[in-house]
Amino acid sequence: VYCGPNDTQAGQMAASALMEMLPDGGKVVIIEGFPGSAPQINRDAGFLGVMQKHPEFEILEIQTANWSTADAMNVMESYMSKYPEIDVVYSHFDLATLAAIQAAEGTGRADDIIFLSVDGTQGALDKIAEGGCFKFTAMQDFSLSTELQYLVALAHLNGQGDSLDKMIYVPYICIEQ
């Protein structure tokens, strides 16, 4: 039994939030997690699945940051030098977004870009609460996740594991300005 976040849903939520923030479209860059990992694959699938239905959005480039803030900083610096116009940065993880914002601030362009992410770390929540360019994160509900995982384990220990769904998704929480 899998009991945890639905990363495809997180990507879809970020894309849907973007549609509301920028209904006329824009130029998007993406900073991914580690290539081939389930969160990387599914967060891309959710986000890009929505984006492909909206030609008003142009995906300029997708690069990996390997779940590393240092790599995310390098990726964003690369994007900033390559593309004179970036409207949106979608990152697979909040720490990448925070690093990308720092890189964009170094060029004076951060306030012109919408930053979206996944995870709901305290740093992301604080930055979103400040206002500014970090507009959205899909937050994992760790409290509910822990409770459900405990109940799944208990059901297995009590011999009721066969009656459970094999995929139990814990919904994400939208955090946005």
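**Group meeting: a walk through the predicted model**

Let's start at Asp 119, which sits in strand β5, residues 114-119. Keep in mind that this is a predicted model. Asp 119 is not a glycine, yet its phi is positive, at about 135°. Is Asp 119 buried or exposed? Its relative accessible area is 17%, so Asp 119 is buried.

There is another residue of this kind. Asn 66 is also not a glycine, and its phi is positive, about 55°. As a general point, most residues other than glycine have a negative phi. Where is Asn 66? Look in the loop between β3 (57-64) and α3 (69-82). Asn 66 has a relative accessible area of 32%, so it counts as partly exposed.

Now the fold. The protein has six helices and eight strands. Read from the N terminus, the order is β-α-β-α-β-α-β-α-β-α-β-α-β-β.

Next, overall dimensions. Along the principal axes, the C-alpha atoms fill a box of roughly 60 × 30 × 30 Å. What is the radius of gyration? For the protein, 17 Å. A compact globule of 177 residues would come near 16 Å, so the two agree.

Then the surface. The protein exposes about 8500 Å². Carbon and sulfur atoms supply 53% of that area.

Charges next. How many side chains are positive, and how many negative? There are 8 positive and 24 negative. The centres of the two sets lie 4 Å apart.

Last topic, the cysteines. A disulfide is a covalent bond between the sulfur atoms of two cysteines. The cut-off here is 2.5 Å between sulfurs. By that rule, the count is zero disulfides. Cys 3 is in none; the nearest cysteine sulfur belongs to Cys 174, 20 Å away. Cys 3 has 11% relative accessibility, so it counts as buried.

To recap the local points: Asp 119 in β5 and Asn 66 in the loop between β3 and α3. And for the cysteines, zero disulfides.

Key: Residues numbered from 1 in each chain as written. Predicted model: local features only at pLDDT ≥ 70, side-chain atom pairs only at ≥ 80, totals over all residues. Heavy atoms only, no water. Buried < 20%, exposed > 50% of the residue type's maximum accessible area, 1.4 Å probe, protein only. Helix = DSSP H or I, 4+ residues; strand = E, 2+ residues; numbered from the N terminus. Rg over C-alpha atoms; globule rule 2.2 N^0.38 Å. Areas by Shrake-Rupley, 256 points an atom, 1.4 Å probe, with all protein chains shown as cover. Lys, Arg positive; Asp, Glu negative; His and termini not counted. Charge placed at Lys NZ, Arg CZ, Asp CG, Glu CD.
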